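Subject: Structure handover

Dear colleague,

Here is the structure I said I would pass on. My notes on helix packing and aromatic rings follow it.

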Amino acid sequence: MKVLLLVAQLVLVAAAVAQETDYPSRPIRQIVPFPPGGGVDIVTRIVGAKWSEFLGQPIVVENRAGASGIIGVDVAAKAPPDGYTLLISQTSLAINPSMFKKMPYEALRDLAPITQIVDGPNVLVVHPSVPARSVKQLIALARSRPDSLIIGSPGQGTSPHLSAELFNAMAGIKMVQVQYKGAGMALVGLISGEIGVMFPTTPTAMGSIKAKRIIPLGVTTAKRVSALPDVPSIAEAGLPGYESTQWFGILAPAGTPRPIIDRLNQEIVRIMHGYRERLSGEGMEVVAGTPEAFAAHIRMETEKWAKVIKAMGLKPE
């Protein structure tokens, strides 16, 4: 009986090894936990074709939006850990545990980090009808008209939402937040004049900034970015100490075999380094490191945003 059990175990191990060696042998599902038109979706589609080329299999992008990214992340966390379901997520992965009382997953328990891919700013933009052309002017306007300026964001607990809340808190003002179902819809609201202010990611905003449909006042990183050289950081433009960065990264379900994680990391890191110039034009900086470095970054960001959210007095929903 023991011999049969041992043989069965060896067969299972051999099958697993064969699967990892042949990986990938069929299309890979790439879950984007936000609607089309946002920064995560844009970056995914910029680099997705090259990922597919290097891995030798199609990458099928699946937008599973809702609940500030929680729905899509949960789908990925509960998928089979075989390397055929991947997740591209962003800063909300670290923010949501402090914004929502009940979470259906725990990021570093239920997901296996593969690599952080990019880091970059959100950008404070206004509709041309808003009579402010600098950060200082916007703050003065908000103080003179309490609750009259409306900020749009792609959802509770997203980086644009927290960037705006941090701006309100540090400036001592109150601009009213309106939540949209995704960054693309919020941007449409801004362009139409339905809202006056927004903190989108640079990939989301760049086309509309270049077309002069919206006006950039400041980036949320501590320093200026090469894609918008004439746009100051919010810190240098009138709110010293302000900083809020946005990052994207690739993860798999926890339990995905390490050889598969390593193969994905190797290929994605190699591809991302070839996209430095293209993504720099979108305001993003390529990071592309080890799974361990990405796990440490998620842990650090989760702790950082928990402190920020507590200091701002925001309550979990």
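A crossing is left-handed if the near helix is turned anticlockwise from the far one by less than a right angle, and right-handed if clockwise. Helices (H or I, at least four residues) and strands (E, at least two) are DSSP runs, numbered from the N terminus. This is a predicted model, in which local features need pLDDT of at least 70 and side-chain atom pairs count only at pLDDT 80 or more, while totals for chains, interfaces and linings use all residues. Residues are numbered from 1 along each chain as its sequence is written, and side-chain values use heavy atoms, with hydrogens and water left out.

Helix packing

H7 passes H12 in a left-handed crossing. In contact (heavy atoms within 4.5 Å) are Leu162, Glu165, Leu166 and Ala169 of H7 with Trp305, Val308, Ile309 and Met312 of H12. By class, the residues of this contact are 7 nonpolar, no polar and 1 charged (nonpolar: Ala, Val, Leu, Ile, Met, Phe, Trp, Tyr, Cys and Pro; charged: Asp, Glu, Lys and Arg; polar: the others, Gly among them).

Aromatic rings

Rings of Phe, Tyr and Trp (its six-membered ring) pair if their centres lie within 6.5 Å; planes under 30 degrees apart count as stacked, over 60 as edge-to-face and the rest as tilted. The count by this rule is 4 aromatic pairs. One of them, Tyr23 with Tyr84, is edge-to-face, at 5.2 Å centre to centre and 65° between the planes. These two tyrosines are 61 residues apart in the chain. Tyr23 is buried at 3% relative accessibility, and Tyr84 is buried at 4% (buried: under 20% relative accessible area; exposed: over 50%; partly exposed: in between; 1.4 Å probe, protein chains only). Phe167, Phe199 and Tyr242 form one aromatic cluster.

Regards
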